[in-house]
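I opened my notebook to look up how two chains sit together.

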Amino acid sequence: MGLLALEPPGRGSFLLAGFLNSVMIAVGATVVGLCLGVCGAWCKLYGGPVARDLAAVYTTIVRAVPELVLILILYFAGADLLNKALAAFGYPPTDIPGVAAGIFVLGVVQGAYSTEVLRGAILAIPQGQIEAARAYGMSPSLIMRRITLPAMLPFAIPGLANLWLIATKDTALLAIVGVNELTQVTRTAAGATKAYFTFFMAAGAIYLALTLFSGAIIGRIERWARRGMPSVAGAGR
Amino acid sequence: MSEALMDVRPKRTATNWLKPHRIALIAIGLAIVLASIFLMRWDWLPQYMPLAIQGIWRTIWLLVVTSVLGISLAIPLGLAQAAGPAWLAAPAKAFCTIIRGTPLLLQLWLLYYGLGSLFPQFPWIRDSFLWPYLRQAWPYGVLSLTLSYAGYEGEVMRGAFAGVPRGQLEAARAFGMSRFTIFRRIWLKQALHRALPTLAGETVLQLKATPLVATITMVDIYAVASRVRQDLFVTYEPLLLLAAVYMAITGVIVFLFRKLEARIPTRIG
């Protein structure tokens, strides 16, 4: 147990730093994914035929290929493209910080899933509300801000919450490309001290605590988003 | 019969689907594929072909074995949560929460490195007939993928078991069926029918989880691609091929589940 202490002989501080990185990547990836998801859902529902097909290709490919493979492809391709762009403008090549790379890569993956969640949520809004807004002469962006977003929120939140939980767990995959997140620092610490079981159990407990904590917060947000709506508990059965 | 039931949507004919912009998109896609064939390095392919086929086979084997074992674990887990007594339901729920709350990669490493480092300390394990297997990587890979699938599917099956209408079970009891017959003929079948669309998605997720076993030295198709990258310093070609292989397997899974679903008559209101 002494190995997990926060003071230097113990490695607790490393785990804590890794955990903070993990949370940062998960939050960033969810935000990037949400932006991509809003664009994707908009393309799929209201876009022209080309935008619609491109969005379909994006979601199909990302959802059919393992995250691990996507992470490798995007990680290498992203670094390559960035360095080529830098070279084109006459700058020396740089190393991308691991956290930023992780946010980009996981964000692209999350974007495909949130596209589907948001599309489903927008379709679940009674369409008369959007038609009424259009009849009032609201501009598309105003409709989005005043009607579509608030009305779809209760339908979207369960799916988005699921995506957040997936994002927190997908950060572990970044250990493969050596990003300093919780799983990677755990492996390093375990390898250095040979106390594999202790460290992996500790990391598992941290992930589980994050999941359970998120679950509690999500429950509150869901109740807030559903405020004013009739309760549906038990109505389906 | 099933064809007649499926035909609710407007017919998607070839001319309907093949619009001018689609032809342009397909042409662009073909151009990208051809460019990647002619401009990238593929000379390593014949040399690594046998290894790649073995890797694909191992990936599919892993997927099938862990899915079958996982679902057979998930049925009791779901049943315990849906209808079991509290002393069975609580551990089942705890198991599902733990599995669903931690990353699979961590579970895999916990089993492989953690248990793997604990086992040699006990002489009776080293002397047992299991020891030759415990020293290899694949039992840990199979075990952790099975447990993960069981954890997620246990939750799905709980919902499916709870969703079977009470009247169906009461009618079965009125027919004088024994409890086991009710379970086998009515409850399990209807629950599986309900869960089938979800199971299709979860099986694709399971396929996407299999490459993780490459991190514990199992040689599946992902590990073969990594080997090519390390041997020859070609970065993109193996990864693109890998993505294509996984997309093909995903297509097969979706197709098979759709066939399975089409066998179940459903009424669309």
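First I wrote down a term: two residues are in contact if their C-beta atoms, placed from the backbone, lie within 7 Å. Next, helices (H or I, at least four residues) and strands (E, at least two) are DSSP runs, numbered from the N terminus.

**Ground rules.** I am working on a predicted model, where local features need pLDDT of at least 70, side-chain atom pairs count only at pLDDT 80 or more, and totals for chains, interfaces and linings use all residues. Residues are numbered from 1 along each chain as its sequence is written, while chains are lettered from A and ligands numbered from 1 in the order in which they are written.

**Entry 1: helix α8 of chain A.** I looked up α8(A), residues 196-225. This helix has 30 residues and reaches 43 Å from its first C-alpha to its last. That is close to the 44 Å expected at 1.5 Å a residue; the expected span is 1.5 Å times one less than the number of residues.

Which residues of α8(A) are buried? I noted the cut-offs: buried means 20 or more other C-beta atoms within 10 Å of a residue's own, exposed means 12 or fewer, and partly exposed is in between, with C-beta atoms placed from the backbone. The buried ones are Tyr196(A), Phe199(A), Phe200(A), Ala202(A), Ala203(A), Gly204(A), Tyr207(A) and Leu210(A). Their cover includes α1 (12-46), α6 and α7 (182-193) of chain A, together with α5 and α6 of chain B.

**Entry 2: Arg146(A).** I found Arg146(A) in helix α6 of chain A, residues 140-170. Why does Arg146(A) count as partly exposed? Because Arg146(A) has 13 C-beta neighbours inside 10 Å. I also checked Ala133(A): Arg146(A) is 13 residues away from Ala133(A) in sequence and 9.0 Å away in space, C-alpha to C-alpha.

**Entry 3: chain A as a whole.** I counted eight helices and zero strands in chain A. The C-alpha trace spans about 65 × 55 × 30 Å along its principal axes. Of the 237 residues in chain A, 37% are buried. Among contacts in chain A between residues at least 6 apart in sequence, 74% join residues at least 24 apart.

**Entry 4: where the chains touch.** I found 31 residues of chain A in contact with 28 residues of chain B. On the chain B side, α3 (20-39), α5 (86-101), α6 (104-118) and α13 (236-262) each supply at least two residues. α6(B) gives the most, with eight residues.

**Entry 5: the record for chain B.** UniProt, in an unreviewed entry, lists residues 56-258 of chain B as "domain: ABC transmembrane type-1". I noted that UniProt positions are given in the numbering used here, feature names are shortened, and annotations may be inferred rather than shown by experiment. In the model, residues 56-258 of chain B are 83% helix and 0% strand, and the end C-alpha atoms lie 23 Å apart.

**Entry 6: confidence.** I checked pLDDT, the predictor's confidence in each residue, from 0 to 100. Chain A averages 86, and 92% of its residues score at least 70. Chain B has a mean of 87. Over residues 1-8 of chain B, pLDDT is below 50. Residues 233-237 of chain A stay under 50 and have zero contacts beyond four places in sequence. Where pLDDT is low, the predicted coordinates should not be read in detail.
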